[in-house]
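Please have the 3D view open as you read the numbered points.

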Amino acid sequence: MKNYKISIIRGDGIGPEVISATERIIEAVEEKFSLKFEKILVEAGLEAYKKYGTNLPDFSLEKIKHSDCLLKGPTTSLEGEGTELGVPVKIRKYFDLYANLRPLKNFPRINSIFKGVDLLIVRENTEGMYSGLEYKISEGTNIGIRVATKRGAERIINVAFKLARERKERVTLGHKSNVLKMTDGLYKDVFEKVSKNYPDVEAKEEHIDALAMKLVMRPQDYDVIVLENLYGDIISDLAAGLVGGLGMAPSANIGENFAMFEPIHGSAPDIAGKNIANPIASILSFSMCLDWLGEKNASHVVEDAVINSLKRGDKLTLDLGGSSTTHELAESIANEILSISV
Ligand code: IPM
Ligand code: MG
(Lines give C-alpha, C1' and ligand atoms only; values in the text may rest on other atoms or scores of the structure.)
(Ligands and ions follow the chains in the order given, each with its own letter.)
Protein backbone atom coordinates (compact mmCIF):
# COMPACT_ATOMS: atom_id res chain seq x y z
CA MET A 1 0.00 0.00 0.00
CA LYS A 2 1.47 3.34 -1.05
CA ASN A 3 0.61 6.42 0.98
CA TYR A 4 0.45 10.00 -0.24
CA LYS A 5 -0.34 13.21 1.58
CA ILE A 6 -2.51 15.39 -0.62
CA SER A 7 -3.38 18.89 0.52
CA ILE A 8 -6.72 20.17 -0.71
CA ILE A 9 -8.00 23.71 -1.18
CA ARG A 10 -11.71 23.36 -1.82
CA GLY A 11 -11.95 26.90 -3.19
CA ASP A 12 -14.80 29.34 -3.79
CA GLY A 13 -18.07 29.25 -5.72
CA ILE A 14 -18.41 25.83 -7.37
CA GLY A 15 -15.01 24.82 -5.91
CA PRO A 16 -16.31 22.81 -2.93
CA GLU A 17 -18.70 20.87 -5.20
CA VAL A 18 -16.22 19.97 -7.93
CA ILE A 19 -13.54 19.12 -5.35
CA SER A 20 -15.88 16.93 -3.33
CA ALA A 21 -16.78 15.16 -6.60
CA THR A 22 -13.03 14.68 -7.17
CA GLU A 23 -12.67 13.28 -3.64
CA ARG A 24 -15.13 10.56 -4.70
CA ILE A 25 -12.71 9.77 -7.56
CA ILE A 26 -9.79 9.69 -5.10
CA GLU A 27 -11.71 7.08 -3.08
CA ALA A 28 -12.36 4.98 -6.16
CA VAL A 29 -8.65 5.14 -7.09
CA GLU A 30 -7.70 4.11 -3.54
CA GLU A 31 -10.00 1.11 -3.77
CA LYS A 32 -8.87 0.09 -7.24
CA PHE A 33 -5.10 0.53 -6.88
CA SER A 34 -4.47 -0.02 -3.16
CA LEU A 35 -3.18 3.51 -2.74
CA LYS A 36 -3.93 5.72 0.23
CA PHE A 37 -4.36 9.47 0.07
CA GLU A 38 -4.23 11.26 3.40
CA LYS A 39 -6.26 14.42 2.77
CA ILE A 40 -5.13 17.63 4.40
CA LEU A 41 -7.75 20.37 4.13
CA VAL A 42 -6.28 23.82 3.69
CA GLU A 43 -8.06 27.15 4.14
CA ALA A 44 -7.48 29.60 1.29
CA GLY A 45 -9.50 31.91 -0.94
CA LEU A 46 -12.42 34.19 -0.20
CA GLU A 47 -13.47 32.61 3.13
CA ALA A 48 -9.91 32.80 4.43
CA TYR A 49 -9.71 36.40 3.30
CA LYS A 50 -12.89 37.28 5.21
CA LYS A 51 -11.73 35.41 8.33
CA TYR A 52 -8.03 36.24 8.44
CA GLY A 53 -7.61 39.23 6.12
CA THR A 54 -5.50 37.24 3.66
CA ASN A 55 -6.43 34.68 1.01
CA LEU A 56 -3.50 32.44 1.98
CA PRO A 57 -2.56 32.52 5.68
CA ASP A 58 0.91 31.31 6.74
CA PHE A 59 -0.53 28.30 8.56
CA SER A 60 -2.15 27.20 5.29
CA LEU A 61 1.19 27.43 3.50
CA GLU A 62 2.76 25.36 6.29
CA LYS A 63 0.16 22.62 5.81
CA ILE A 64 0.74 22.61 2.06
CA LYS A 65 4.52 22.36 2.62
CA HIS A 66 4.03 19.18 4.59
CA SER A 67 2.14 17.41 1.82
CA ASP A 68 3.31 15.65 -1.35
CA CYS A 69 1.10 17.64 -3.71
CA LEU A 70 -1.84 20.04 -3.76
CA LEU A 71 -5.27 19.72 -5.35
CA LYS A 72 -6.86 23.12 -5.67
CA GLY A 73 -10.37 24.22 -6.54
CA PRO A 74 -11.02 27.59 -8.17
CA THR A 75 -10.50 30.61 -5.92
CA THR A 76 -11.68 34.18 -6.41
CA SER A 77 -8.95 36.64 -7.41
CA LEU A 78 -9.81 40.18 -6.35
CA GLU A 79 -9.36 42.93 -8.93
CA GLY A 80 -7.84 46.37 -8.75
CA GLU A 81 -5.11 48.36 -7.10
CA GLY A 82 -4.13 47.39 -3.56
CA THR A 83 -5.64 43.89 -3.62
CA GLU A 84 -3.56 40.78 -2.93
CA LEU A 85 -2.30 38.49 -5.65
CA GLY A 86 -4.60 35.52 -6.25
CA VAL A 87 -4.02 32.21 -4.43
CA PRO A 88 -2.70 30.27 -7.44
CA VAL A 89 -0.27 33.04 -8.39
CA LYS A 90 1.08 33.13 -4.81
CA ILE A 91 1.47 29.36 -4.64
CA ARG A 92 3.14 29.12 -8.05
CA LYS A 93 5.73 31.68 -6.96
CA TYR A 94 6.21 30.40 -3.42
CA PHE A 95 6.90 26.80 -4.50
CA ASP A 96 8.55 27.86 -7.77
CA LEU A 97 6.06 25.80 -9.78
CA TYR A 98 7.48 27.04 -13.04
CA ALA A 99 5.79 24.72 -15.53
CA ASN A 100 2.07 25.09 -16.08
CA LEU A 101 0.90 22.21 -18.27
CA ARG A 102 -2.47 22.62 -19.93
CA PRO A 103 -3.63 19.81 -22.20
CA LEU A 104 -6.57 20.83 -24.39
CA LYS A 105 -8.14 18.21 -26.60
CA ASN A 106 -11.45 16.86 -27.84
CA PHE A 107 -13.54 14.56 -25.68
CA PRO A 108 -16.51 12.44 -26.78
CA ARG A 109 -19.87 14.28 -26.83
CA ILE A 110 -18.28 17.65 -26.18
CA ASN A 111 -19.51 20.05 -28.82
CA SER A 112 -16.63 21.96 -30.33
CA ILE A 113 -15.74 23.95 -33.41
CA PHE A 114 -12.93 21.51 -34.29
CA LYS A 115 -12.22 17.80 -34.14
CA GLY A 116 -8.78 16.22 -34.02
CA VAL A 117 -7.32 18.82 -31.67
CA ASP A 118 -4.68 17.64 -29.19
CA LEU A 119 -2.70 20.53 -27.77
CA LEU A 120 -0.41 20.90 -24.81
CA ILE A 121 0.16 24.47 -23.69
CA VAL A 122 3.35 24.75 -21.65
CA ARG A 123 3.06 28.05 -19.82
CA GLU A 124 5.92 29.69 -17.92
CA ASN A 125 4.45 30.21 -14.49
CA THR A 126 6.68 32.42 -12.37
CA GLU A 127 7.80 35.48 -14.32
CA GLY A 128 6.64 37.76 -17.17
CA MET A 129 3.88 40.20 -16.30
CA TYR A 130 2.96 38.07 -13.26
CA SER A 131 5.94 39.19 -11.24
CA GLY A 132 3.82 41.58 -9.16
CA LEU A 133 6.05 44.52 -10.08
CA GLU A 134 3.55 47.29 -10.75
CA TYR A 135 4.08 50.88 -9.71
CA LYS A 136 2.56 54.33 -9.90
CA ILE A 137 5.29 56.61 -11.17
CA SER A 138 3.23 59.81 -11.28
CA GLU A 139 -0.41 60.79 -11.14
CA GLY A 140 -2.12 59.03 -14.03
CA THR A 141 0.88 56.90 -15.02
CA ASN A 142 1.33 53.35 -13.81
CA ILE A 143 3.94 50.89 -15.04
CA GLY A 144 4.34 47.12 -14.84
CA ILE A 145 7.65 45.31 -15.16
CA ARG A 146 7.87 42.24 -17.35
CA VAL A 147 10.59 39.85 -16.24
CA ALA A 148 12.30 37.39 -18.59
CA THR A 149 15.31 35.43 -17.35
CA LYS A 150 17.58 33.03 -19.20
CA ARG A 151 17.14 30.48 -16.42
CA GLY A 152 13.34 30.82 -16.59
CA ALA A 153 13.26 30.51 -20.37
CA GLU A 154 15.67 27.57 -20.44
CA ARG A 155 13.85 25.47 -17.93
CA ILE A 156 10.37 25.94 -19.43
CA ILE A 157 11.57 25.42 -23.00
CA ASN A 158 13.34 22.22 -21.95
CA VAL A 159 10.10 20.98 -20.38
CA ALA A 160 8.29 21.65 -23.67
CA PHE A 161 10.83 19.70 -25.75
CA LYS A 162 10.93 16.78 -23.32
CA LEU A 163 7.14 16.49 -23.30
CA ALA A 164 7.01 16.75 -27.11
CA ARG A 165 9.09 13.56 -27.27
CA GLU A 166 6.20 11.72 -25.61
CA ARG A 167 3.74 13.26 -28.10
CA LYS A 168 3.89 14.30 -31.76
CA GLU A 169 7.40 15.76 -31.51
CA ARG A 170 6.51 19.31 -32.45
CA VAL A 171 7.12 22.45 -30.37
CA THR A 172 6.03 25.98 -31.25
CA LEU A 173 7.22 29.04 -29.37
CA GLY A 174 4.87 32.04 -29.42
CA HIS A 175 6.60 35.38 -28.96
CA LYS A 176 6.62 39.01 -30.08
CA SER A 177 10.33 39.67 -30.34
CA ASN A 178 9.81 42.13 -33.20
CA VAL A 179 8.48 44.52 -30.53
CA LEU A 180 9.53 43.14 -27.13
CA LYS A 181 13.11 42.83 -28.27
CA MET A 182 14.74 42.16 -24.94
CA THR A 183 12.20 40.06 -23.07
CA ASP A 184 10.67 38.01 -25.91
CA GLY A 185 13.99 38.33 -27.74
CA LEU A 186 15.54 36.39 -24.86
CA TYR A 187 12.93 33.64 -25.16
CA LYS A 188 13.53 33.43 -28.92
CA ASP A 189 17.32 33.15 -28.48
CA VAL A 190 17.03 30.51 -25.78
CA PHE A 191 14.48 28.59 -27.88
CA GLU A 192 16.85 28.50 -30.85
CA LYS A 193 19.73 27.25 -28.67
CA VAL A 194 17.74 24.67 -26.70
CA SER A 195 16.07 23.29 -29.84
CA LYS A 196 19.52 22.13 -31.07
CA ASN A 197 19.59 19.63 -28.20
CA TYR A 198 16.41 18.02 -29.52
CA PRO A 199 17.14 17.38 -33.22
CA ASP A 200 14.36 14.76 -33.27
CA VAL A 201 11.72 17.38 -32.37
CA GLU A 202 10.41 19.87 -34.93
CA ALA A 203 10.85 23.42 -33.55
CA LYS A 204 8.88 26.38 -34.88
CA GLU A 205 8.40 29.98 -33.82
CA GLU A 206 5.44 32.21 -34.48
CA HIS A 207 4.60 35.73 -33.52
CA ILE A 208 1.97 35.47 -30.83
CA ASP A 209 -0.65 37.42 -32.81
CA ALA A 210 -0.23 35.21 -35.88
CA LEU A 211 -0.24 32.12 -33.67
CA ALA A 212 -3.58 33.19 -32.17
CA MET A 213 -5.05 33.50 -35.67
CA LYS A 214 -3.63 30.20 -36.94
CA LEU A 215 -4.87 28.40 -33.85
CA VAL A 216 -8.45 29.43 -34.53
CA MET A 217 -8.10 28.36 -38.17
CA ARG A 218 -6.08 25.12 -37.97
CA PRO A 219 -5.46 24.02 -34.38
CA GLN A 220 -4.80 20.46 -35.55
CA ASP A 221 -1.43 21.61 -36.92
CA TYR A 222 -0.04 22.18 -33.42
CA ASP A 223 1.23 19.86 -30.71
CA VAL A 224 3.19 21.48 -27.85
CA ILE A 225 3.05 25.27 -27.58
CA VAL A 226 5.46 26.98 -25.19
CA LEU A 227 4.61 30.47 -23.98
CA GLU A 228 5.63 33.02 -21.40
CA ASN A 229 3.21 33.59 -18.54
CA LEU A 230 0.59 36.04 -19.85
CA TYR A 231 0.54 34.64 -23.41
CA GLY A 232 0.08 31.21 -21.82
CA ASP A 233 -2.84 32.46 -19.76
CA ILE A 234 -4.62 33.93 -22.78
CA ILE A 235 -3.82 31.23 -25.32
CA SER A 236 -4.82 28.41 -22.96
CA ASP A 237 -8.33 29.86 -22.60
CA LEU A 238 -8.45 30.36 -26.37
CA ALA A 239 -7.38 26.74 -26.92
CA ALA A 240 -10.00 25.55 -24.42
CA GLY A 241 -12.56 27.40 -26.53
CA LEU A 242 -11.49 25.39 -29.58
CA VAL A 243 -12.41 22.13 -27.88
CA GLY A 244 -15.66 23.15 -26.22
CA GLY A 245 -14.76 25.42 -23.32
CA LEU A 246 -13.22 25.29 -19.88
CA GLY A 247 -15.38 22.50 -18.44
CA MET A 248 -12.89 19.85 -19.54
CA ALA A 249 -9.65 21.79 -19.08
CA PRO A 250 -7.28 20.57 -16.32
CA SER A 251 -3.84 21.85 -15.41
CA ALA A 252 -0.68 20.91 -13.57
CA ASN A 253 1.67 23.45 -12.01
CA ILE A 254 4.98 21.68 -11.61
CA GLY A 255 8.24 22.56 -9.86
CA GLU A 256 11.32 20.55 -8.90
CA ASN A 257 9.85 18.97 -5.75
CA PHE A 258 6.22 19.98 -5.52
CA ALA A 259 3.19 20.37 -7.75
CA MET A 260 -0.31 21.84 -7.66
CA PHE A 261 -3.22 20.58 -9.75
CA GLU A 262 -6.26 22.72 -10.55
CA PRO A 263 -9.01 23.13 -13.12
CA ILE A 264 -8.39 26.13 -15.40
CA HIS A 265 -11.93 27.41 -14.96
CA GLY A 266 -13.02 29.98 -12.37
CA SER A 267 -15.37 29.74 -9.40
CA ALA A 268 -18.59 30.38 -11.42
CA PRO A 269 -20.52 31.99 -8.49
CA ASP A 270 -23.70 32.15 -10.62
CA ILE A 271 -24.14 28.37 -10.49
CA ALA A 272 -22.49 27.73 -7.09
CA GLY A 273 -24.26 25.59 -4.50
CA LYS A 274 -26.67 24.03 -7.00
CA ASN A 275 -24.80 20.74 -7.53
CA ILE A 276 -24.90 21.27 -11.30
CA ALA A 277 -21.28 22.20 -12.09
CA ASN A 278 -19.22 19.92 -14.31
CA PRO A 279 -16.47 18.33 -12.15
CA ILE A 280 -14.47 16.86 -15.05
CA ALA A 281 -11.75 19.55 -15.20
CA SER A 282 -10.99 18.89 -11.52
CA ILE A 283 -11.12 15.12 -11.99
CA LEU A 284 -8.73 15.33 -14.95
CA SER A 285 -6.46 17.55 -12.83
CA PHE A 286 -6.33 14.73 -10.29
CA SER A 287 -5.44 12.38 -13.15
CA MET A 288 -2.49 14.69 -13.93
CA CYS A 289 -1.59 14.53 -10.23
CA LEU A 290 -1.47 10.73 -10.36
CA ASP A 291 0.77 10.93 -13.41
CA TRP A 292 3.15 13.31 -11.63
CA LEU A 293 3.25 11.02 -8.57
CA GLY A 294 4.36 8.23 -10.90
CA GLU A 295 1.00 6.40 -10.73
CA LYS A 296 0.79 6.27 -14.53
CA ASN A 297 -1.62 3.38 -14.66
CA ALA A 298 -4.08 4.97 -12.25
CA SER A 299 -3.78 8.25 -14.12
CA HIS A 300 -4.75 6.60 -17.43
CA VAL A 301 -7.61 4.75 -15.80
CA VAL A 302 -9.11 7.99 -14.44
CA GLU A 303 -8.96 9.61 -17.88
CA ASP A 304 -10.36 6.49 -19.57
CA ALA A 305 -13.16 6.40 -16.98
CA VAL A 306 -14.07 10.01 -17.84
CA ILE A 307 -14.16 9.10 -21.54
CA ASN A 308 -16.24 5.95 -20.89
CA SER A 309 -18.68 7.87 -18.76
CA LEU A 310 -19.07 10.56 -21.43
CA LYS A 311 -19.63 7.87 -24.06
CA ARG A 312 -22.35 6.24 -21.96
CA GLY A 313 -23.81 9.70 -21.66
CA ASP A 314 -26.51 8.88 -19.11
CA LYS A 315 -25.09 11.07 -16.32
CA LEU A 316 -24.14 14.35 -17.94
CA THR A 317 -24.29 17.76 -16.30
CA LEU A 318 -26.22 20.67 -17.79
CA ASP A 319 -23.26 22.13 -19.71
CA LEU A 320 -22.76 18.71 -21.36
CA GLY A 321 -26.37 18.55 -22.48
CA GLY A 322 -27.68 16.41 -19.61
CA SER A 323 -29.58 17.02 -16.39
CA SER A 324 -27.52 15.04 -13.87
CA THR A 325 -25.86 16.55 -10.82
CA THR A 326 -22.16 17.12 -10.19
CA HIS A 327 -22.15 14.14 -7.83
CA GLU A 328 -24.09 11.83 -10.13
CA LEU A 329 -21.53 12.42 -12.87
CA ALA A 330 -18.69 11.79 -10.38
CA GLU A 331 -20.40 8.57 -9.23
CA SER A 332 -20.67 7.41 -12.83
CA ILE A 333 -16.94 8.09 -13.38
CA ALA A 334 -16.10 6.31 -10.09
CA ASN A 335 -18.07 3.26 -11.25
CA GLU A 336 -16.19 3.27 -14.54
CA ILE A 337 -12.88 3.36 -12.62
CA LEU A 338 -13.93 0.35 -10.57
CA SER A 339 -15.08 -1.62 -13.61
CA ILE A 340 -12.11 -1.02 -15.96
CA SER A 341 -9.89 -4.12 -16.04
CA VAL A 342 -6.24 -3.35 -15.42
C1 IPM B 1 -5.36 30.81 -14.71
C2 IPM B 1 -6.12 31.94 -14.09
C3 IPM B 1 -5.22 32.69 -13.12
C4 IPM B 1 -4.05 33.23 -13.91
C5 IPM B 1 -5.93 33.80 -12.34
C6 IPM B 1 -7.11 33.27 -11.57
C7 IPM B 1 -5.01 34.53 -11.40
O8 IPM B 1 -6.65 32.77 -15.06
O9 IPM B 1 -4.87 29.93 -13.96
O10 IPM B 1 -5.25 30.78 -15.93
O11 IPM B 1 -4.16 34.31 -14.50
O12 IPM B 1 -3.03 32.55 -13.96
MG1 MG C 1 -6.41 32.00 -17.02
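1. Ser 77, Val 89, Arg 92, Arg 102, Arg 123, Tyr 130 and Asp 233 surround ligand 1, where a residue counts as near a molecule if one of its heavy atoms lies within 4 Å of it.

2. Before going further, note that this is a predicted model, in which local features need pLDDT of at least 70 and side-chain atom pairs count only at pLDDT 80 or more, while totals for chains, interfaces and linings use all residues. Residues are numbered from 1 along each chain as written, chains are lettered from A and ligands numbered from 1 in written order, and side-chain values use heavy atoms, leaving out hydrogens and water.

3. Three of these side chains each place a polar atom by an oxygen atom of ligand 1. The distance is 2.7 Å for Arg 92, 2.8 Å for Asp 233 and 2.9 Å for Arg 123.

4. Now step back to the whole chain. Domain 1 covers 1–98 + 249–342 and domain 2 covers 113–242; such bounds come from an automatic or database domain assignment. The centres of the two domains, taken over C-alpha atoms, are 25 Å apart. Ten residues from domain 1 and 14 residues from domain 2 make the contact, meaning heavy atoms within 4.5 Å.

5. How much area do domain 1 and domain 2 bury between them? The value is about 1000 Å², with 50% of it on carbon and sulfur atoms. Buried area here is the accessible area (1.4 Å probe) that two parts lose on being put together, summed over both. On the side of domain 1, Arg 92, Lys 93 and Tyr 98 lose the most area to domain 2, together 55% of what that side buries.

6. Finally, look at the charges. Two salt bridges cross the interface of domain 1 and domain 2, the term standing for a side-chain nitrogen of Lys or Arg within 4 Å of a carboxyl oxygen of Asp or Glu. Elsewhere in your view, you can find the salt bridge that joins the side chains of Arg 155 and Asp 96, at 2.8 Å from N to O.

Note on methods
Polar contact = N/O pair within 3.5 Å; in protein donor to acceptor, adjacent residues only side chain to side chain.
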